[in-house]
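Colleague: I am new to this one. Can you walk me through how to read its charged pairs and its core?

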Amino acid sequence: MSALLVAGLLLLLPGLSWGSASPWRPCTDLLPLDFLSLVLPKGGEALMGVRMVQDGGARGLRFTGPPRALSFPASQLFINCELFPQEFSIVVTLKVARVAPKKSEYIFSLVEEDTERMLMGLRFSQDRLHFLFLGPGGWERLAFRSVRLADGRWHTLVLAVSGPYATLTVDCGMPLDLANGKPFPSAFSTKGSRFYVGSRKRWKGLFSGLMQQLVLLPGSDATPRICPSSNPRLAVLSVPQALLQLPIKSPGTEALIYPYEADLRVTLGTQPLCGKTELGQLWFDTLKRGLFLCDGGAWVSMLQEKERLDYVEDYQDLYTNSETFDVEVFQIPSVGLFVATANRDSKRGSGIYKWSDGKLEPYQNISTWEAMAWKYFTVDKKKFLVVANSRGKRAGDRELSVIYKWSPRKLRFLQYQSLETHSARDWEAFHIQGEDFLAVANHRQGDNNHNINSVIYKWNPGAKAFEVNQTIRTSGAYDWEFFTAGPYHFLAVANTFDGASTQIESAVYVWLGGTFQLFQAITTFGATDWEMFQIGSRIFLAVANGQKLYRKGPSVYNLNSTIYELNMATKTFLMFQDIATYSAVDWEFFTLGDEKFLVVANSYDGTSYSLNSVIYRWQGYEGFVPVHRLPTIGCKDWEFFASTEGSYLIYSSATEPLSKVFRLKTY
């Protein structure tokens, strides 16, 4: 018998002396004392405030109170005497999603009934576990730091106490020792006291998670009895039978002994992650009105209303500071949906609008200098918005594009970093292998030099800033488009003009060895935009061709824009479909239900800016066919967005201080 067990036996023998021959009886049988079994009723009746929950392949109890119901007198355990053992172990298996900052929750407590004074308690906070007891000199506390239990996963902990020594083992890992506390009192009377499971007899501090196991083992360290374990997070010493075999039916009835449920969470909004930890969880897509179940790897549709586009209606006139070259739609979680407009007039700057009660309302104004584009992105949960300024503040000044950072306190974007650019037309943000990048499309330097470097920046976590990572030679660059295909990362640039002609090569680059290298050159005509989209396993790239021009010859604005498809056999993009456009400057791909669409921004036909922009619907073998023609004026950019009110398209006008929002009516 170990010294720890012998010491425990001696402590359980009140009045015993070494010379005594009188018979003795221990306070307990030194067997595991299962607290949870003591609070669960016998005979199959339900207990108010207790529910069985299955989550993560295990079952536990959820307590909703009242705290008094989840208790039992200490005399049920300490039958032959009233002394609590000086050496003991407490084994707990629990699962907690979260704990509010500066709050704590109780696993159990021992409370004196007459005075309601707590004699002992085990509680935890965000990153600590506390064992408290009332010693001869007052309250004592053993605090284990850096113990994070509220992470949404099952954990089994063993707290072994022996005099002034305490050891905590979590999930059969390396033990944490504390030897600087006061000794646990050797004569700890439990007379007239009561154990409370999941509380300290109060609503405040009530345990909010799931509990599968709560065991007191007198006179022994329980760690060797349960560790090592094939499943250390759910290591078992003594678990109530009701939690091991479900469903349990009461004799002669069809009812479950205890209320039973699965710990099912329904996530709303944009598509969340779906992995092993989300197995069995539900996601309700508020945009598509669909219910999806996570199978551990992907979201499987259970119930979805199939939307079909019926017609498009004029919904809102958005009056902007000046002509608008680009709109950027983005969502800030818990704040709302926003639209940033890149406006030409430097005196008035550019606007940010917030979606409120089904309309876009002015929210913030930012100083810009002939802004051409906005890009919203995140880095380590920080939210940024970068503008492409196409000129300096004053003639002759350096041209600086600016990154703004969202302030959760002020609920505004504040200036964060400036980067020198050259008539910048576009920004693209992307992630590769855990690193964050920004690419700027530098259009020209000075009045005539279009053959210059565009720059790819990489986020430096130490400096907390973007730094130059790579330069790529471009010709009147107008747009960057980043996309992935299988394990490969691509970056496509739309080259517009080389100083003599718009009939030049735009390029697709692939990420190899830490840099982008040329993958394919594609002849384009004043290209202003690339749009990548995927239908099933097929990957497409659509280019917006703006105009044909060679030296001082006439410009041609009525020309085809082209959709290319990635051919896996030849490992190249091959022409899939030509579509007649009029100085196209943008493509936008979107889906409604099972239907896929492309909308093109037709901006100019050589005589007028008042043109129809066209929505095309995917029809399989036929490719994209026109279904709706929308009157636009100097259309420069299209963006699709959806809210709880429905689905929308917004376009920006490069010739009028008026952008428009269209609502997509479905049936």
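Colleague: Which side chains does Glu112 meet in a salt bridge?

Modeller: Start with the general idea. Side chains of opposite charge can pair when their charged atoms come close. In this predicted model, the side chain of Glu112 pairs with that of Arg117, at 3.3 Å from N to O. Arg117 is partly exposed, because its relative accessibility is 41%.

Colleague: Which parts does the pair of Asp171 and Arg233 tie together?

Modeller: Their side chains form a salt bridge, 3.3 Å from N to O. Asp171 sits in the loop between strands S12 and S13, and Arg233 in the loop between helix H3 and strand S17, so the pair links parts 62 residues apart in sequence. Asp171 is buried, at 15% relative accessible area. Arg233 is partly exposed, at 28%.

Colleague: And what does Glu420 pair with?

Modeller: Arg398, with the closest N and O atoms 3.3 Å apart. Glu420 is in strand S30 and Arg398 in the loop between strands S28 and S29, so parts 22 residues apart in sequence are tied together. Glu420 is partly exposed, at 38%. Arg398 is exposed, at 54%.

Colleague: Now the core. Which residues touch the most other members?

Modeller: General idea again. In soluble globular proteins, nonpolar side chains tend to be buried together. Here the largest nonpolar core has 56 residues, and Phe35, Ile90, Ile107, Leu129, Phe131, Phe195 and Leu214 touch the most other members. Beyond four places away in sequence, Ile107 touches residues including Val92, Leu122, Phe124, Tyr196 and Met211.

Technical notes: Residues are numbered from 1 along each chain as its sequence is written. This is a predicted model: local features need pLDDT of at least 70, side-chain atom pairs count only at pLDDT 80 or more; totals for chains, interfaces and linings use all residues. Side-chain values use heavy atoms; hydrogens and water are left out. A nonpolar core is a set of buried Ala, Val, Leu, Ile, Met, Phe, Trp, Tyr and Cys residues joined through side-chain atoms within 4.5 Å. Buried means under 20% relative accessible area, exposed over 50%, partly exposed in between (1.4 Å probe, protein chains only). Contact means heavy atoms within 4.5 Å. A salt bridge is a side-chain nitrogen of Lys or Arg within 4 Å of a carboxyl oxygen of Asp or Glu. Helices (H or I, at least four residues) and strands (E, at least two) are DSSP runs, numbered from the N terminus.
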